[in-house]
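Take a walk through this model from the overall fold down to single residues. Keep the sequence and the coordinates open side by side.

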Amino acid sequence: MVQLSQSDVQLSRLVYGVWRLADAANLSTAHVREKIDLCLDQGITSFDHADIYGDYECERLFGKALGQDASLRSKMQLISKCDIVIPSDKFPQRQVKYYDTSAVYIQNSVEQSLKNLHTDYLDLLLIHRPDPFMDAAETGKALDALIDSGKVRAVGISNFEVWDWRLLQSHMKHPLVVNQIEMSLLNQSAFTNGNLSAIQLDDLTPMAWSPLAGGALFQQSAETARLAPIFDRICQQQNCSIDQVAVAWLLAHPANILPIVGTNHPDRIKTLSKAMDIQLDRETWFELLTAAAGHEVP
C-alpha cells in the first residue's frame with residue numbers, strides 16, 4: 001500500500017481501472033464479482049472509476065456487486081472522477097462534449113457515484129480534465145465541502161498541468177493529493193517535460209493511466225521492434241510477460257508511480273500482480289527508455 005501524501009488514504013501499489021467494464025461480453029454481476037475477487041486476492045484493492053465510463057454504466061455495474069455483498073466495501077478503496085460531460089442517449093439534451101467544474105455538477109456527480117457504487121463515501125475524487133471555463137474559487141470550495149461532509153476522503157486531479165492544479169489549490173483549504181496522467185514506455189514525456197518533477201515538488205502522488213499505451217505496445221511499430229529483444233530477454237530471465245515488464249518499468253521509478261491496469265479477461269487479471277515481482281535495475285530501466293525513444297539520453 002502507498003500512503004498518499006497529506007492524507008490518511010492508502011492505495012494499493014497497482015490500481016485496477018474499470019473503464020472497459022461495460023465492454024465485456026458478460027455483464028452479469030457474478031462476472032463482475034469474479035474480477036473484483038481476483039484483484040483483491042492479489043492485493044489490488046484500489047479501483048479507478050469515472051462517472052462517464054461505459055457511457056455512464058461502469059459504476060452501476062460494479063456497484064451491483066457491492067450491493068449484493070456489503071462486506072466488500074471495507075476491503076477496497078474507491079476512486080472516481082468527474083467534470084467531463086459527453087453527449088449520450090441518457091442525456092439527449094446535450095449537443096457537444098464539454099467540461100463542467102461547477103459546484104452543482106461536481107456535487108450531483110458525486111451523489112450519483114455514491115448511489116451507483118452502493119457506498120456513502122469515495123476514498124478519492126479527481127477532477128478528470130482541466131476545465132478552461134473553471135471558476136477555481138467555486139470548484140475549490142465545492143471540493144473542500146465534499147471532504148468536510150465525509151462524502152469524499154481526499155481529492156486530486158487528472159491530466160492537469162502544474163499551473164492548472166496550483167490555481168485550484170490556491171482556492172482550497174484541503175490539499176490536492178494525486179495527479180493522474182498518461183505515462184508509459186511509449187509516452188515518456190512526463191519524465192522529461194517537468195510534469196513528474198512538479199508532481200513530486202508539490203507533494204502529490206502520481207498515478208499512471210494507459211501504462212500499456214492503449215495496447216500500442218503489442219502492435220507492430222518502430223518502437224516495439226526496438227523494444228522486442230529487450231522484452232524477450234527480461235521475460236525469459238524473470239518468467240514474465242511484456243505487459244508485466246511495461247508496468248514494472250513504471251513501478252521501478254522512485255516517485256512511487258501507481259499504474260492503473262485494466263483488462264476484462266479473468267486469466268489476465270490473475271497475473272497482474274506479477275509486475276510487482278519483476279526487478280529492473282537502473283541500466284535496464286534506461287535501456288527500455290532509450291529503445292522506446294529511439295535515441296540515447298542527451
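**From the whole fold to single residues**

Of the contacts in the protein with a separation of 6 or more, 77% are accounted for by residues 24 or more positions apart. Bear in mind that this is a predicted model. Its secondary structure comes to twelve helices and twelve strands. The radius of gyration is 19 Å, close to the 19 Å that the globule rule gives for 298 residues, so the protein is as compact as a globular protein of that length. Along the principal axes, the C-alpha atoms fill a box of roughly 50 × 45 × 40 Å.

Now the surface. Buried residues make up 54% of the 298. The protein exposes about 13,500 Å², and carbon and sulfur atoms supply 50% of that area. Charge comes next. There are 25 positive and 36 negative side chains. The centres of the two sets lie 4 Å apart.

Turn to helix α5. This helix covers residues 136-149, which is 14 residues. From first C-alpha to last it reaches 20 Å, close to the 20 Å expected at 1.5 Å a residue. Which of its residues are buried? They are A136, T139, G140, A142, L143, D144, L146 and I147. Read that list with the helical repeat in mind. An α-helix has 3.6 residues a turn, so residues three or four places apart point the same way. The cover over the buried residues of α5 includes helices α4 (103-116) and α6 (162-169), together with strands β8 (124-127) and β9 (155-158).

Zoom in on T139, a residue of α5. It counts as buried because its relative accessibility is 0%, under the 20% cut-off. Leaving aside residues up to four places away in sequence, T139 touches T101, I106, M134 and L168. After α5 comes G150, with a positive phi near 85°.

Backbone angles deserve a separate look. Most residues other than glycine have a negative phi. Where does H118 lie? It is in the loop between α4 and β8. Its phi is positive, about 55°, although H118 is not a glycine. H118 is partly exposed, with a relative accessible area of 48%. D203 is another residue other than glycine with a positive phi, near 65°. It sits in the loop between α8 (195-201) and β11 (205-209). At 36% relative accessibility, D203 counts as partly exposed.

Next, helix α10, residues 242-251. How many of its ten residues are buried? Nine are, and the helix is mostly covered. The buried set is D243, Q244, V245, A246, V247, A248, W249, L250 and L251. These residues pack against helices α7 (189-192), α9 (222-238), α11 (266-269) and α12 (282-293), and against strands β11 and β12.

Strand β12 (residues 258-261) holds I260. Is I260 buried or exposed? It is buried, with a relative accessible area of 9%. V247 is one of the buried residues of α10. The contacts of I260, not counting residues up to four places away in sequence, are V15, Y16, G17, D48, Q180, M207, A208, W209 and P211. Among them, M207, A208 and W209 fall within β11 (205-209).

At 37% relative accessibility, N26 counts as partly exposed. How far apart are the C-alpha atoms of N26 and V96? They are separated by 31 Å, with the two residues 70 apart along the chain.

End at Q10, in strand β2 (residues 10-11). At 36% relative accessibility, Q10 counts as partly exposed. Q10 and L124 are 114 residues apart in sequence, yet their C-alpha atoms are 9.9 Å apart in space. L124 falls in β8 (124-127), part of the cover over the buried residues of α5. Beyond residues up to four places away in sequence, Q10 touches M1, V2, Q3 and Q77.

Methods
Residues numbered from 1 in each chain as written. Predicted model: local features only at pLDDT ≥ 70, side-chain atom pairs only at ≥ 80, totals over all residues. Heavy atoms only, no water. Helix = DSSP H or I, 4+ residues; strand = E, 2+ residues; numbered from the N terminus. Rg over C-alpha atoms; globule rule 2.2 N^0.38 Å. Buried < 20%, exposed > 50% of the residue type's maximum accessible area, 1.4 Å probe, protein only. Contact = heavy atoms within 4.5 Å. Areas by Shrake-Rupley, 256 points an atom, 1.4 Å probe, with all protein chains shown as cover. Lys, Arg positive; Asp, Glu negative; His and termini not counted. Charge placed at Lys NZ, Arg CZ, Asp CG, Glu CD. Expected span 1.5 Å × (residues − 1).
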